[in-house]
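Please open the structure in your viewer and keep the selection tool at hand.

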Amino acid sequence: MSRCRGGSTTICRCKVFWCAMFNRSTVIVVGAGASAEFGLPTGDALKQKIAKGLKFRFDFSRQVSGDDVLLGVLKRHAENDLDVLNGFTRAGNELSETIETFPSIDEALFWWRDRREIIDLGKLAIAHYILA
């Protein structure tokens, strides 16, 4: 490789890589520890938020715990079918009660892999708390 004007070949290679990488769609994936510096939750904080948010409790139809935004999404998805909604809130409670026993949310969802509603709720909660 020839030398770039005013720079070393290493700098020239980096410049070429940088230009090539950012002249097309690029996704950069970083771990939770690195993203925490930018205000995103760490893995443990994400688990705690999900556990609290999916712990749905009601007192005579009045919600007393759980994330009301997530519950609103579930209500819209259930389309006023109380059995479907109850299935999702039960699934949320199951994930909420067990999530702290796993090292990560990914491990928890892998363990629950045969329960589609728990997987869907977990993914919904991850997106909700990362984007919130």
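**First stop: helix α7**

Select α7 and colour Ile-118, Ile-119, Leu-121, Gly-122, Ala-125, Ile-126, His-128 and Tyr-129, which are buried. Buried here means under 20% relative accessible area, exposed means over 50%, and partly exposed lies in between, with a 1.4 Å probe and protein chains only. This is a predicted model, in which local features need pLDDT of at least 70 and side-chain atom pairs count only at pLDDT 80 or more, whereas totals for chains, interfaces and linings use all residues. Residues are numbered from 1 along each chain as its sequence is written, and side-chain values use heavy atoms, with hydrogens and water left out.

Helix α7 has 16 residues and spans 23 Å from its first C-alpha to its last, close to the 22 Å expected at 1.5 Å a residue. That expected span is 1.5 Å times one less than the number of residues. The buried residues of α7 pack against α3, α4, α5 and α6.

**Second stop: the whole chain**

Now display the entire protein, which has seven helices and two strands. Helices (H or I, at least four residues) and strands (E, at least two) are DSSP runs, numbered from the N terminus. Along the sequence, their order is α-α-α-β-β-α-α-α-α. Of the 132 residues, 30% count as buried.

Select Ile-50, Leu-54, Leu-95, Ile-99 and Ile-105, the residues with the most contacts inside the largest nonpolar core, which has 25 residues. Such a core is a set of buried Ala, Val, Leu, Ile, Met, Phe, Trp, Tyr and Cys residues joined through side-chain atoms within 4.5 Å. At least two residues of this core come from each of α3 (43–53), α4 (68–78), α5, α6 (105–111) and α7 (116–131). Helix α7 gives the most, with six residues. In soluble globular proteins, nonpolar side chains tend to be buried together.

Next, centre the view on Leu-54. Leaving aside neighbours within four places in sequence, Leu-54 is in contact (heavy atoms within 4.5 Å) with Leu-70, Gly-92, Asn-93, Leu-95, Ser-96, Leu-121 and Ala-125.

Show α5 and α7 together: their axes come within 9 Å and cross at roughly 75 degrees. The two helices are therefore roughly perpendicular to each other. The contact is made by Gly-87, Phe-88, Ala-91, Gly-92, Glu-94 and Leu-95 of α5 and by Glu-117, Ile-118, Leu-121 and Gly-122 of α7.

Select Thr-89, which lies in helix α5 (residues 82–98). Is Thr-89 buried or exposed? Thr-89 counts as buried because its relative accessibility is 7%. Not counting residues up to four places away in sequence, Thr-89 touches Phe-56, Phe-58 and Leu-71.

Then select Leu-85, also placed in α5. Leu-85 is buried, with a relative accessible area of 12%. Apart from neighbours within four places in sequence, Leu-85 is in contact with Leu-71, Leu-74, Lys-75 and Ala-78. Leu-85 and Leu-74 are 11 residues apart in sequence, and 6.5 Å apart in space from C-alpha to C-alpha.

**Last stop: Lys-49**

Finally, select Lys-49 in helix α3. Lys-49 is partly exposed, with a relative accessible area of 39%.

Terms used
Axes fitted to C-alpha atoms, helices over the stretch in contact; angles between N-to-C directions. Parallel < 35°, antiparallel > 145°, perpendicular 65-115°, else oblique.
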